[in-house]
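Hi,

Here is the structure I promised to pass on. Please have a look, and then read on for what turned up in it.

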Amino acid sequence: MVKPVARPSAAFKYKPLATKPPAAGHQGKKGPRLAPIVMGGAVLYVAATYVSMLVFKSKGDTTAYTKDQQQSHQPQDADGSKVMGLRSDQLPRLTPDNYDTSRIWGTVANSYDKEIGMDETVMGMGVLRWWLVSQAKGDVLEVAAGTGRNFGYYRPSQVASLVVTDDHASMLSQAEAKFAQYKEKFHDTFVAFQTANVDQHLHASQADNKEQASQDLSRKFDTVIDTFGLCSCHDPAEALVAMADACKSSESRILLLEHGRSHYDWLNRLLDANVDKHVQKWGCWWNRGIMDLFQDDRVKDKVEVLSSSRWHFGTTCYIVARPKRSE
Ligand SMILES: C[S@@+](CC[C@H](N)C(=O)[O-])C[C@H]1O[C@@H](n2cnc3c(N)ncnc32)[C@H](O)[C@@H]1O
């Protein structure tokens with residue numbers, strides 16, 4: 001005999017979920033908001049990638065720092081003789097005064113873009129470069145321009161002239177060659193390339209045409225821009241003073257994207273422990289306190305920071321400043 005199927009009593013009937021229609025403008029229960037999750041994920045990704053890269057790079061630099069290099073790059077005594085016969089842990093720490101990085105730029109110039117390109121991509125550095133460089137306008141001076149990694153981010157329609165400088169001819173000639181791709185884009189803009197040392201008042205170190213160099217470098221500018229130059233020059237405070245002196249007026253802007261010490265001690269310890277090896281490979285003192293430079297007696301009377309933000313655990317500094325003038 002077929003059993004009759006039990007029918008739910010009226011008490012077990014499903015009730016409608018909403019008894020009233022939603023009020024006008026009411027969107028119903030909101031799901032998780034996507035934008036903050038995506039943004040948070042992106043920030044976390046960049047941060048994690050950055051730290052892994054830093055650790056990886058420190059290890060790489062350590063491997064590259066062979067015994068031979070230790071010997072040949074040992075700092076010199078004041079009389080110029082090598083400090084010989086010391087174990088690496090007994091060697092005096094490298095400083096800009098006892099270790100000259102000039103030679104390094106000749107060796108890294110050819111491979112520079114290839115070597116740092118991927119690091120910059122995963123760190124989202126292109127976005128920070130674009131954000132900074134797209135603000136450059138009027139007569140623009142770029143110092144420590146290296147291989148010209150900023151060319152693509154300029155807006156030529158707002159740039160009247162661009163003087164591209166670097167202390168090392170090997171790096172500047174890479175920039176000059178790269179500029180061929182951008183010539184069309186800058187067809188209305190006067191563009192010049194000059195070797196100049198930013199921490200020696202833009203002294204034109206290796207210029208072929210001294211007259212032209214002095215014309216280009218003695219001009220004053222609406223925008224002075226530097227990306228990752230303060231970590232590499234001998235005296236970054238002096239470099240900031242030279243940038244301020246190169247400005248036309250307090251309406252001019254000094255645009256900086258730099259890297260140095262972090263907000264975090266654990267990261268600073270990593271930077272400090274590996275700075276000797278890093279500087280010998282990359283010519284870069286990566287543990288400088290970039291924001292502290294603005295408190296230096298030479299700088300604080302000359303440069304005023306208008307806005308700044310720090311990225312990658314505080315190691316990357318985005319700074320908009322202007323010269324202090326009593327006009
Ligand atoms: C880390 S690279 C940065 C290059 C480029 N600005 C960029 O964003 O990719 C540092 C550059 O600073 C240059 N440099 C080092 N000391 C300098 C100095 N005293 N004056 C001008 N340039 C200098 C080096 O030749 C090198 O090209």
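Let me start with Phe228, which is buried, as 21 other C-beta atoms lie within 10 Å. By "buried" I mean 20 or more other C-beta atoms within 10 Å of a residue's own, with 12 or fewer counting as exposed, anything in between as partly exposed, and C-beta atoms placed from the backbone. Phe228 has a phi near 60°, a positive value in a residue other than glycine. Most residues other than glycine have a negative phi. Phe228 sits in the loop between E4 and helix H8 (236-245).

His312 also has a positive phi, near 50°, and is not a glycine either. His312 is found in the loop between E6 and E7, and is buried, with 21 other C-beta atoms within 10 Å.

Two notes before you go further. This is a predicted model, where local features need pLDDT of at least 70 and side-chain atom pairs count only at pLDDT 80 or more, while totals for chains, interfaces and linings use all residues. Residues are numbered from 1 along each chain as its sequence is written.

As for the overall picture, the protein has ten helices and seven strands; these are DSSP runs numbered from the N terminus, helices being H or I of at least four residues and strands E of at least two. Of its 327 residues, 33% are buried.

In helix H5 (residues 125-133), the buried residues are Met125, Leu128, Leu132 and Val133. Seen down the axis of H5, they fall within an arc of 115°, so they line one face of the helix; the arc is that of the directions from the helix axis to the C-beta atoms. They pack against helix H4 (112-122) and strands E4 (223-227), E5 (253-259), E6 (303-311) and E7 (316-323), where a contact is two C-beta atoms, placed from the backbone, within 7 Å.

Helix H7 (residues 210-217) has Ala213, Asp216 and Leu217 as its buried residues. Down the axis of H7 these fall within an arc of 85°, so they too line one face of their helix. Their cover includes strand E2 (159-166) and strand E3 (190-195).

Finally, the ligand. There are 20 residues around the ligand, and Ala144, Gly146, Asp167, Thr227 and Cys233 come nearest; a residue is near if its C-beta atom, placed from the backbone, lies within 6 Å.

Best wishes
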